[in-house]
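Dear colleague,

Please find below the structure that I am handing over to you. My notes on what was found in it follow directly after.

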Amino acid sequence: MDLSLFFAGTAGSVPTARRGLPALLLRAGGERILFDCGEGTQKQLLRSIGVAVPPIEVTADPAFALAPAPKSEIESCSGLNFAADGRPRVGVALRPWGASVEAQTDEYARLLAALEDKTGARVILIPMQLPGDAEFSQAVARKSGREFAMISNSCSPAALLGVVGEMHA
């Protein structure tokens, strides 16, 4: 198996408009695993594949220091059966920003439909703050004409961490 480690952004300690913080990319065969990402690295990666609008806030969260909840609690809270189909799962947390919620709804609906079409993945909407994020996620799903799976229950941080852990991306 071909194995390599790529050190990205090693000269930066403060993100700028053109440079993110350090990150490591492990390449093993056909797999790519990005880890130890500094703030801003995720945004730069999204921009590099053409995701510029709407603005997306991608941050590290202290909740990731928690241990995930047991699988039974994760499935009970989420209402999802993670073994339902063999498709890869992509978790998406949506939140409206600013005044142009209708334009954001249209753009997110288009992007999520394209994500499913181009990758064959199953989009799972994961609202982090209820009820606002859930209402916005439902509006995006309606606009897309798709039946995206969505977590609609209030979950503990450990259960949400477990749900995120069940995603492939």
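In helix H2, which covers residues 71–78, the buried residues are Ile74, Cys77 and Ser78. They span an arc of only 90° around the axis, and therefore sit on the same side of H2. The exposed residues Ser72 and Ser76 are carried by the face of H2 that is turned away from this buried side. Please bear in mind that the model is a predicted one. The partners against which the buried residues of H2 pack are S6 and helix H5 (157–165). After H2 comes Gly79, which has a positive phi, near 75°.

Helix H4 can be described in the same manner. Buried in H4 are Asp133, Ala134, Phe136, Ser137, Val140, Ala141 and Ser144. Because they cover an arc of only 165° around the axis, they lie on the same side of H4. On the face turned away from that buried side, H4 carries the exposed residues Glu135 and Arg142. The buried residues of H4 pack against helix H3 (101–119), strand S5 (122–125) and strand S6 (149–150). Gly145 follows H4, and its phi is positive, near 75°.

Which side chain does the side chain of Asp133 meet in a polar contact? The partner is the side chain of Arg95, at 2.7 Å. When neighbours within four places in sequence are left aside, the residues in contact with Asp133 are Leu94, Arg95, Pro127 and Met128.

Finally, I turn to the sheet. Three strands make up an open sheet, arranged in the order S1-S2-S3 with antiparallel pairing. Strand S1 (3–8) and strand S3 (31–35) are the edge strands, each of which pairs on one side only. From one strand to the next, the twist averages 20°. Strand S2 (residues 23–28) is joined to S3 by five bridges, and these two strands run antiparallel. Leu25 has Leu34 in S3 as its bridge partner.

With kind regards

Terms used
Residues are numbered from 1 along each chain as its sequence is written. This is a predicted model: local features need pLDDT of at least 70, side-chain atom pairs count only at pLDDT 80 or more; totals for chains, interfaces and linings use all residues. Side-chain values use heavy atoms; hydrogens and water are left out. A polar contact is a pair of N or O atoms within 3.5 Å; within protein, one must be able to donate a hydrogen and the other to accept it, and residues adjacent in sequence count only if both atoms are side-chain atoms. Contact means heavy atoms within 4.5 Å. Buried means under 20% relative accessible area, exposed over 50%, partly exposed in between (1.4 Å probe, protein chains only). Helices (H or I, at least four residues) and strands (E, at least two) are DSSP runs, numbered from the N terminus. The arc is that of the directions from the helix axis to the C-beta atoms. Two strands pair if DSSP finds at least two bridges between them. Axes are lines fitted to C-alpha atoms, for helices over the stretch in contact, and angles run from 0 to 180 degrees between N-to-C directions.
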